[in-house]
Every structure is written in C-alpha cells, then in structure tokens.
Amino acid sequence: VQYKAKERSQQYVLKQLEEKRIEARHFNAKAKIRFDDGYQRMSFNAQVRMERDSFIWITANFLTYEVARLLIRPDSIFVINRLEKTYLADSYDGFDSTFHIPVAFDQLQDLLYGNTLLAKGKPAQWQFTADRYQVTQQLGSFLTLHHIDVSSFVPKEIAVDDAASGYSVDLKLEDYKPLDNSGDFSYFREYIIKNHNVHIANIQLNFLN
C-alpha cells in the first residue's frame, strides 16, 4: 500500500522549516566542485569555511595547485582567479553594477547552508502535491520557488528568479545527513545558472563527510 502524506497547515510546515534551519556558528568542510559552462568542464577540490554572519571563504585546487580564492564578507567580495590571473575586490553595489548580478550575503550564506529563502511575515502562495509543498514568494524583483519534501520537511529544490537582471538560479539538494547537532544537511547540491533563460553554468557541489 502506497503511503499518502497528510497535508499539514502552512504554520506547521513553516515551524518545521524553522526548526530544521542550519544555524551552525562555524562550518568547515572539504568538497568536490564540478563546473560546466558549455565550453569547458572542470573539476576541483575545495575547502569551504564559514563563520556565520561574518565570512564565507572558499579555496579551489586542481591537483596540487590552487586555482582560485573567494572571500565573501557582509559588505565586500574578494576573488583571486589564478587561471586567468585576475583579481577582484568590490562592494556588493559595485559588483552588481559591473556584472549585473544582484547578490546579498545572507542569501549566499543560506544557500550554502541549504536553508530556505522564505521571508517571515511576507505573503506566499502554497500548493500541496503527493510528495511536496510548493511555496512561491515574491520579494521585490526576486521570485523564489521552494519545493519542500512532505515527509522530511527539508527543501529539495530552491529556485530564484530576478526579473531586474534576468538571472536565475535553480538549486537542487540531495543526500541529506545529520550535521553534528545542527540538523539535516544536504551533502550534494546542483546549481543551474541562467540569464534570460540562456544557460550560463552548471555547478555541482559535493560535500565530503
């Protein structure tokens, strides 16, 4: 007999999501990154370090060589690309003006933790299906779409579409396992990035135990 999930109230689902948020103060993990932009495919080993509300630090290595460093702070972004011999140090406004990619530290932090981007107290549209809750929320120019598993109440997919820039990110989350005492953590992610529906890049992020 196939199990049929019971539909829960929005308040109940939101409470479950809030309780399952990853709120670890410190995060340090090794990962494998696969990057594909349609022209080249590359695989890297990476070290990901996070200090909640303070910084995101990522170093990427190919074989034994460091190829990139990324430091993201609440007010600035620093990138060293050793492959192309480039360096970037900018504010979020400057980064947006140059690349037309709106970014915010708290959103990047939550996407790396695998948390939802749902804003508290803001209206949202809910739809219940056999295996998931589909939650749509408009926040300024951003449209977010969350697919929440009906049994585990963890996000399986998070899509963000920015009407102002034309950029969109579709994040798929899999391989959930406990992370210390911080709740269930998705150890495998796939980020699909598009601009005006044109594929820009596919990034797979596999955290290692």
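**Burial of the aromatic residues**

A residue is termed buried when its relative accessible area is under 20%, exposed when that area is over 50%, and partly exposed in between. In this predicted model, Phe207 counts as buried because its relative accessibility is 3%. Phe185, at 1% relative accessibility, counts as buried, and Phe27, at 8%, is also classed as buried.

**Aromatic pairs around Phe27**

A pair of aromatic rings is described by the distance between the centres and the angle between the planes. Across the whole structure, a search finds nine aromatic pairs. In one of them, the ring centres of Phe27 and Phe185 are 5.4 Å apart and the planes stand at 40 degrees, so this pair is tilted. Because Phe27 belongs to strand E1 (residues 26-36) and Phe185 to strand E12 (residues 184-195), the pair ties together parts that are 158 residues apart in sequence.

Phe27 also pairs with Phe207: the centres are 5.7 Å apart and the planes lie at 85 degrees, so the arrangement is edge-to-face. Since Phe207 is in strand E13 (residues 198-207) and Phe27 in strand E1, this contact ties together parts 180 residues apart in sequence.

**Aromatic cluster and charges over rings**

One aromatic cluster is formed by Tyr12, Trp126, Phe128, Tyr133 and Phe153. Over the ring of Tyr12 sits the charged end of Arg8, 4.8 Å from the ring centre. Lys177 is placed over the face of Tyr187, 5.5 Å from the centre of that ring.

**Nonpolar surface patch**

Phe62, Leu63 and Tyr65 make a nonpolar surface patch of about 380 Å². Phe62 lies in strand E3 (residues 55-62) and, with 43% relative accessibility, counts as partly exposed.

How values were computed
Residues numbered from 1 in each chain as written. Predicted model: local features only at pLDDT ≥ 70, side-chain atom pairs only at ≥ 80, totals over all residues. Heavy atoms only, no water. Patch = residues over 30% accessible without salt bridge, like charges linked within 9 Å, V, L, I, M, F, W, Y side chains within 5 Å. Areas by Shrake-Rupley, 256 points an atom, 1.4 Å probe, with all protein chains shown as cover. Salt bridge = Lys/Arg side-chain N within 4 Å of Asp/Glu carboxyl O. Helix = DSSP H or I, 4+ residues; strand = E, 2+ residues; numbered from the N terminus. Buried < 20%, exposed > 50% of the residue type's maximum accessible area, 1.4 Å probe, protein only. Phe/Tyr/Trp six-rings, centres within 6.5 Å; stacked < 30°, edge-to-face > 60°. Lys NZ or Arg CZ within 6 Å of the ring centre and 35° of its normal.
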